[in-house]
Amino acid sequence: MASFKRIDYRLRVAKQIERKMISEMLIRFSRVHDLSDYQYIGFGSIAFQDFSIIHRVLGIDDMLSIEKSLKAERFEFNKPYACIRIEHGDASVVVDRYDWNKKSIVWLDYDEKIDEEKLLTIGRCVQEMEPGSLVLVTVNIDSGGDPMSRFEEIKKDVEIERLPGDFNVKMLSGKEYPVLVRKIINNQVEDAFGARARVDGDGLEQFVNFIYKDGARMMTLGWVINGSEGGSFIKKSGINKLDYYRGGAEPFEIKVPILTPREVTHMNKQLPAPGGELPECPGLSEKEVADYRAVYRYYPVFHEISEH
């Protein structure tokens with residue numbers, strides 16, 4: 001079943017926070033390059049939320065949504081802007097035949113776990129994208145089940161040679177699994193980019209490493225491609241000064257406490273607090289308050305609108 005039939009993407013709080021954080025990063029990137037001249041490629045589904053944000057905030061009007069589902073009518077009906085083109089089919093096929101003659105922001109926002117097809121698609125993007133481009137990848141990192149059963153699964157999903165030299169089955173469960181997945185993806189990105197770097201002198205920098213959970217546990221990684229003479233896109237834009245910037249293996253975990261609108265309003269009146277102090281809120285634990293403080297600027301507010 002298509003994921004949009006199981007999940008209402010509009011109501012995933014952690015995902016909404018992630019989108020807002022990435023949007024803030026892109027606004028900072030726009031200090032270095034005029035992102036309105038870029039193309040955006042992603043998976044809009046029937047909500048097109050990232051497309052709406054990027055079009056409104058950055059002014060990008062060259063947009064491509066890749067949809068695995070072949071039910072074209074529903075996607076065309078729900079697309080929010082005329083500048084969004086839709087291609088139906090697997091991302092690997094669309095990316096492979098795409099003409100990469102323009103700077104791009106690509107978000108391969110998968111719902112599923114990493115597999116060989118996804119890795120090859122990621123590699124193709126970093127090989128072909130113009131300097132100044134950005135690529136983001138989201139995958140499922142749920143690690144439930146017996147480690148030996150998971151080992152049999154992962155051997156079906158990716159080539160055994162992709163597992164790191166220090167691999168053991170304990171990496172397939174708990175906190176070690178996200179580390180393993182990042183290693184597999186990062187190795188693919190660096191290997192695919194390596195030949196290009198040797199020829200063109202281009203560079204690659206990671207700027208995103210998010211972990212979050214609305215239902216399934218998810219990871220988003222992101223890189224920017226620096227031109228041979230342009231220097232560090234990240235340092236020039238200043239995104240390395242953001243609290244949630246991550247350039248390595250240590251993730252920023254988006255933790256979302258369940259709060260009432262009144263609790264949110266009460267804490268917002270105390271933020272930002274001098275000296276980094278925590279706001280107070282009756283009935284909430286210190287951890288819940290600290291988790292909220294880390295994401296309060298991005299925390300979405302939902303309202304029910306009566307039809308009557």
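Reader: Why is Asn209 called buried?
Author: Buried means under 20% relative accessible area, exposed means over 50%, and partly exposed lies in between, with a 1.4 Å probe and protein chains only; Asn209 has a relative accessibility of 1%, and therefore counts as buried. This is a predicted model, in which local features need pLDDT of at least 70 and side-chain atom pairs count only at pLDDT 80 or more, while totals for chains, interfaces and linings use all residues. Residues are numbered from 1 along each chain as its sequence is written, and side-chain values use heavy atoms, with hydrogens and water left out.

Reader: Where does Asn209 lie, and what does its side chain reach?
Author: Asn209 is in strand β6, residues 203–213, where strands (E, at least two residues) and helices (H or I, at least four) are DSSP runs numbered from the N terminus. Its side chain lies 3.2 Å from the backbone oxygen of Ala249, and this is a polar contact because such a contact is a pair of N or O atoms within 3.5 Å, where within protein one must be able to donate a hydrogen and the other to accept it, and residues adjacent in sequence count only if both atoms are side-chain atoms. Taking contact as heavy atoms within 4.5 Å, and leaving aside residues up to four places away in sequence, Asn209 touches several residues, including Arg182, Met219, Arg246, Ala249 and Phe252.

Reader: How do you know how many disulfides the structure has?
Author: A disulfide is a covalent bond between the sulfur atoms of two cysteines. The criterion is a pair of cysteine sulfur atoms within 2.5 Å, and a search of the whole structure finds 0 disulfides.

Reader: What makes the span of helix α5 close to the expected one?
Author: The expected span of a helix is 1.5 Å times one less than its number of residues; helix α5, residues 116–128, has 13 residues and reaches 18 Å from its first C-alpha to its last, close to the 18 Å expected. Cys125 is among the buried residues of α5, which also include Leu119, Ile122 and Val126. The N-terminal end of α5 is capped by Asp115, which has a side-chain oxygen 3.2 Å from the backbone nitrogen of Glu117.

Reader: Which residues line the largest cavity, and what makes a space a cavity rather than a pocket?
Author: On a 1 Å grid over the protein atoms alone, a cavity is a set of points where a 1.4 Å probe fits but cannot get out, whereas a pocket is an open set with protein on both sides within 12 Å along at least five of seven lines, and lining residues have an atom within 4 Å of a point. The largest cavity is lined by Arg19, Ile22, Ser23, Leu26, Asp50, Ile53, Ile54 and Trp107, with the largest share, 4 residues, coming from α1. Its volume is about 40 Å³, a volume being the space filled by probe spheres set on grid points joined across faces, edges and corners.

Reader: Which element gives the most to the lining of the second largest pocket?
Author: Helix α10 does, with 5 residues. The pocket has a volume of about 450 Å³ and is lined by 22 residues, of which Asp243, Arg293, Ala294, Val295 and Tyr296 lie nearest its centre.

Reader: Why is Gly283 called exposed?
Author: Gly283 has a relative accessible area of 79%, and is therefore exposed; its place is in the loop between α9 (261–268) and α10.

Reader: Why is Phe48 called buried?
Author: Phe48, in the loop between β1 and α2, has a relative accessibility of 0%, and so counts as buried. Phi of Phe48 is near 55°, a positive value in a residue other than glycine.
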